[in-house]
Amino acid sequence: MRPVICIDGSHLKGQYKGTLLLKDVVDDSNQLVFVSDRKKSIKWAITRLFPLSHHGACIWHIEKNLIARYSSSNVIFLFKRAALAYRVSKFDQLMTQIRTIRPSMASYLERAGISTWSRAHFVGNRYNVMTNNITESLNSVLRRQKSFPITLLIENITSLMQRWFYERKSASTKCSTTVTPKIDDELRKSFDAGATLPVRNLDELIFEVGIATELCTVDLIGNTCSCREFQMRQIPCSHASRVACTKEKSLYDLCSPYYTTEYWRAAYNEVLHLVGRESDWVVPQSIRSVKVLPPNIRRAPGRPPTQCQRSRTERSTFR
Ligand SMILES: [Zn+2]
């Protein structure tokens with residue numbers, strides 16, 4: 001899978017409150033990218049736990065803030081175009097327009113940190129993951145479960161993931177195309193968009209594609225295009241598609257393996273097992289001996305702990 005993780009805190013509503021976040025699942029790396037609403041707590045945690053990674057802002061959250069502050073749809077449209085621009089020159093051009101129309105909005109966007117929301121300026125590769133909406137969807141699915149006790153919440157998440165893994169595994173097994181259907185569709189669009197563009201060889205594997213101000217240079221040694229979409233998405237842009245067509249090269253060969261059906265199948269190949277019956281558990285001594293402290297309890301000062309809180313406090317080892 002592409003190493004891009006969308007992250008958001010999910011506030012638990014059960015006895016012990018708290019926030020659902022996971023940290024021991026992935027290794028730190030400079031290829032790793034997080035996308036979040038950049039709340040202070042998440043920003044701080046990522047800096048501390050994944051110091052090598054890069055952290056981008058969700059542009060949907062920024063857009064929501066802009067609507068609340070400025071409610072000017074044409075300038076917000078310019079912001080979206082600026083955020084999604086691949087080229088720095090295109091970004092600069094759009095930012096100049098924003099600054100001319102609404103200087104205060106341009107200042108706000110600068111304070112938000114341009115490199116966090118502009119794809120052209122982002123350090124690291126977030127591909128086309130510009131929002132963390134997927135986490136909002138997951139939060140919505142878990143709306144009811146967030147009131148459950150923690151063990152029941154985890155069982156519910158496991159059960160949900162089992163169903164999703166099975167559904168995706170079944171879909172990927174039935175798929176017969178080289179790349180996933182969504183990417184197949186994107187390749188078709190790129191191919192159509194580039195179909196009539198003129199191509200000129202500059203070298204055996206370097207080409208000039210297009211005309212006048214829309215001229216781009218495609219390099220098939222490093223798989224790059226001066227429009228920057230090819231290297232950032234790792235899917236051929238219209239210019240690279242045109243070159244592939246004239247050179248009778250397969251578009252599939254210009255895609256990252258991340259987009260292949262083979263990788264899609266591999267992503268959902270694992271079977272998630274439930275914890276099973278307690279009588280069948282084989283718990284290693286190293287786990288038995290771990291002392292688990294009771295969770296931090298949020299209760300009104302001066303109030304005695306509830307029965308549930310007392311029993312948690314009295315329990316000294318994890319079963
Ligand atoms: Zn291009």
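Is Tyr 127 buried or exposed? The first legend takes this up; the model throughout is predicted.

**Figure 1. Tyr 127 in the loop between helix 6 and helix 7.** With a relative accessible area of 6%, Tyr 127 is buried. The phi angle of Tyr 127 is positive, near 50 degrees, in a residue other than glycine. Most residues other than glycine have a negative phi.

**Figure 2. Arg 228, a second residue with positive phi that is not a glycine.** The phi of Arg 228 is about 75 degrees. Arg 228 belongs to the loop that runs between strand 9 (224-225) and helix 10 (229-233). Its relative accessibility is 27%, so Arg 228 counts as partly exposed.

**Figure 3. The largest nonpolar core, with 28 residues.** The members that touch the most others are Ile 183, Leu 187, Val 218, Leu 220, Cys 225 and Phe 230. Two or more residues each come from strand 4 (33-36), helix 9 (181-194), strand 7 (206-209), strand 8 (216-219) and helix 11 (238-246). Helix 11 contributes the most, with three residues. Domain 1 (4-135) and domain 2 (181-259) each supply at least three residues to this core. Another core, of 23 residues, lies apart from this one and includes Ile 76, Ala 83, Ala 85 and Trp 117. In soluble globular proteins, nonpolar side chains tend to be buried together.

**Figure 4. Surroundings of Leu 187.** Neighbours within four places in sequence are left aside here. Beyond them, Leu 187 is in contact with Val 179, Ile 235 and Pro 236, and also with Leu 251, Tyr 252 and Cys 255.

**Figure 5. Val 243 in helix 11.** Val 243 has a relative accessible area of 0% and is therefore buried, the cut-off being under 20%. Leaving aside neighbours within four places in sequence, the contacts of Val 243 are Val 199, Phe 207, Val 209, Val 218 and Leu 220. Thr 180 is 63 residues from Val 243 along the chain, and the C-alpha atoms of the two are separated by 22 Å.

**Figure 6. The aromatic cluster of Phe 79, Phe 91 and Trp 117.** The model has seven aromatic pairs. One of them joins Phe 79 and Trp 117: the ring centres are 5.2 Å apart and the planes 55 degrees from each other, a tilted arrangement. Phe 79 is in helix 3 (residues 73-84) and Trp 117 in helix 6 (residues 114-117), so this pair ties together parts 38 residues apart in sequence. Phe 79 and Trp 117 are both buried. The pair of Phe 91 and Trp 117 is also tilted, because the planes meet at 50 degrees, with ring centres 5.6 Å apart. Phe 91 sits in helix 4 (residues 88-101), so its pairing with Trp 117 of helix 6 links parts 26 residues apart in sequence. Phe 91 is buried, as is Trp 117.

**Figure 7. Helix 8 (residues 150-174) and what covers it.** From first C-alpha to last, the 25 residues of helix 8 reach 36 Å, close to the 36 Å expected at 1.5 Å a residue. Buried residues in this helix are Leu 153, Ile 157, Leu 160 and Ser 172. Their cover includes strand 3 (19-20), helix 7 (133-141) and helix 12 (261-267).

Figure 8. Where pLDDT is low, the predicted coordinates should not be read in detail.

Note on methods. Residues numbered from 1 in each chain as written. Predicted model: local features only at pLDDT ≥ 70, side-chain atom pairs only at ≥ 80, totals over all residues. Heavy atoms only, no water. Core = buried A, V, L, I, M, F, W, Y, C linked by side-chain atoms within 4.5 Å. Buried < 20%, exposed > 50% of the residue type's maximum accessible area, 1.4 Å probe, protein only. Helix = DSSP H or I, 4+ residues; strand = E, 2+ residues; numbered from the N terminus. Domains from an automatic or database assignment. Contact = heavy atoms within 4.5 Å. Expected span 1.5 Å × (residues − 1). Phe/Tyr/Trp six-rings, centres within 6.5 Å; stacked < 30°, edge-to-face > 60°.
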